[in-house]
Amino acid sequence: MIFARHWIFGLSLSLVTSVVSIAGSANSAHAIAFVNDIIIPGDSKDLYEPSSSGANINRLGFLSDLYYDRYNNVYYGLADRGPGGGVISYNTRVQKFSLDVDPNSGAIGNFKILDTILFTQDGQNFNGLNSSQLNGNVAVLGKSFDPEGFVVAPNGNFYVSDEYGPSVYEFSPIGSFIRAFETPSNLIPKQSDGTINYVDGRPDITSGRQDNRGFEGVTLSPDGKKLYAVLQDALVNEGSPDGRRSRNLRLVEFDTATGQSSAQYIYQLESLAAINDRIPGEDDDFGANAQGRNIGVSAITALNNDEFLVLERDNRGVGVEDAGGENPVASKRVYKISLTGATDVSNISLAGINDLPSGVLPVEKSTSPFIDIAELLKAEGLVIPEKLEGLAIGPQLADGSYAILLGTDNDFSVTQNEDTNEQFNVCTDGSDDNPLDSGCPQGTSLLPTYLYSFKASREELKGFVQPTKVPEPTTTAGLMVLGLSGFWLKRSKLKIN
């Protein structure tokens with residue numbers, strides 16, 4: 001049986017208006033404006049072990065995700081599994097930082113790290129090593145962690161999504177593990193005999209998420225009741241002949257109270273044909289097996305309980321794999337989507353097909369990009385980085401518009417020898433054979449992180465609902481009042497017939 005997401009009576013006027021707006025403007029171009037950027041040097045350090053120095057110790061490598069805490073006017077930038085590609089030890093972490101945003105123009109400046117928060121459980125660090133390296137077993141995830149998505153809950157806790165599992169974890173504001181959400185079984189990577197394998201790719205795994213293509217982004221509904229985690233690409237078995245040729249990836253809805261999955265929806269990537277049409281000539285076109293591998297989703301952020309902004313990109317641009325930026329960039333875009341009418345595919349398999357089954361509706365996606373990042377950067381004569389991975393709706397400006405912030409993941413400016421696991425610095429001249437932590441040739445530097453500000457009008461963000469926040473009592477009396485009110489609320493619920 002096919003289930004679709006339905007309307008619920010009592011939705012606010014702003015939500016109803018917002019859903020109408022996506023349909024009404026699906027074919028219209030948006031006039032999002034580029035404001036400015038900040039370049040964070042690749043040799044910057046975070047606040048972990050300040051007396052030490054090293055890529056796998058405290059080199060500032062991020063933004064695998066970006067989050068704006070508007071109630072405290074601070075930002076969070078997520079580092080992923082570290083410089084080692086999963087084979088060198090790295091204590092996973094998130095950076096808390098401050099940033100000035102001009103209230104009139106939206107220009108950003110004065111980036112400053114405030115805190116480096118490590119993810120821990122029972123006093124032990126989560127680590128970027130893959131499960132084989134960390135636990136000696138490809139089927140045991142343990143504290144093996146590749147964090148890629150980050151959001152703050154109404155009570156101040158962190159929800160972090162991970163590629164290895166794929167997993168979603170809840171942490172306290174100091175990074176202490178609280179719980180794991182239950183990953184739907186169809187997403188867990190397995191071999192043909194049913195054995196779980198969190199490390200290897202195809203053909204070793206035959207179902208579940210593709211290797212290094214797990215939960216790439218996470219966001220919360222403004223009321224905090226639903227969490228949404230999005231895979232970077234299609235499941236390995238959902239495509240013909242496999243997920244590399246499919247544009248259908250899964251957006252998973254969780255109930256934050258129970259930690260259980262409540263729905264799965266299909267997000268469709270832009271077609272490979274449309275992407276290749278933007279590349280001059282044919283020599284540099286993406287091959288057919290790149291649709292669900294070299295094109296993918298990097299971030300998601302909620303506009304309201306039904307609409308979201310999604311960051312979609314190709315794997316080209318200035319980065320560790322192409323420091324010179326020689327390959328033509330075709331896609332760095334933000335789209336607006338709506339879940340209204342989308343089919344719940346929790347119990348529907350897309351194995352062996354690249355199209356959707358009859359009656360299955362994907363999420364509604366604007367046909368024109370909300371932000372065409374590559375085109376705006378190109379118009380400014382700026383570098384187009386490979387890994388645009390952070391997306392956040394920033395502060396509201398004096399004229400009612402909003403700053404939209406996007407950030408890049410510079411992969412710590414490190415590459416490695418796959419046979420020996422030896423690491424090397426990657427420098428802006430394209431050289432990738434520089435001994436780790438030895439610096440770069442004269443006149444060059446490590447690849448930086450870019451942080452961009454764009455400006456969206458109030459009309460363009462119509463329907464945006466700010467996230468809720470649990471009030472924080474400031475006195476002992478306040479704590480007692482909250483405790484008593486909770487007690488009586490529970491009693492009153494017990495009396496209801």
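I looked up Pro-166 and found this residue in the loop between strand E10 (158–162) and strand E11 (167–171); strands (E, at least two residues) are DSSP runs numbered from the N terminus. A cis peptide bond joins Gly-165 and Pro-166, with omega about 5 degrees.

I note that this is a predicted model, in which local features need pLDDT of at least 70, side-chain atom pairs count only at pLDDT 80 or more, and totals for chains, interfaces and linings use all residues. Residues are numbered from 1 along each chain as its sequence is written, and side-chain values use heavy atoms, with hydrogens and water left out.

I then turned to Pro-241, which lies in the loop between strand E14 (226–231) and strand E15 (248–255). Ser-240 and Pro-241 are joined by a cis peptide bond, and omega is about 5 degrees. I recorded for reference that most peptide bonds are trans and that most residues other than glycine have a negative phi.

Next I checked Asn-73, in the loop between strand E3 (65–69) and strand E4 (74–78). Phi of Asn-73 is positive, near 55 degrees. Asn-73 is partly exposed, at 43% relative accessible area (buried is under 20%, exposed over 50%, partly exposed in between, with a 1.4 Å probe and protein chains only).

Asn-212 sits in the loop between strand E12 (177–180) and strand E13 (215–220). I read a positive phi for Asn-212, near 60 degrees, and a relative accessible area of 33%, which is partly exposed.

Conventions. Helix = DSSP H or I, 4+ residues; strand = E, 2+ residues; numbered from the N terminus.
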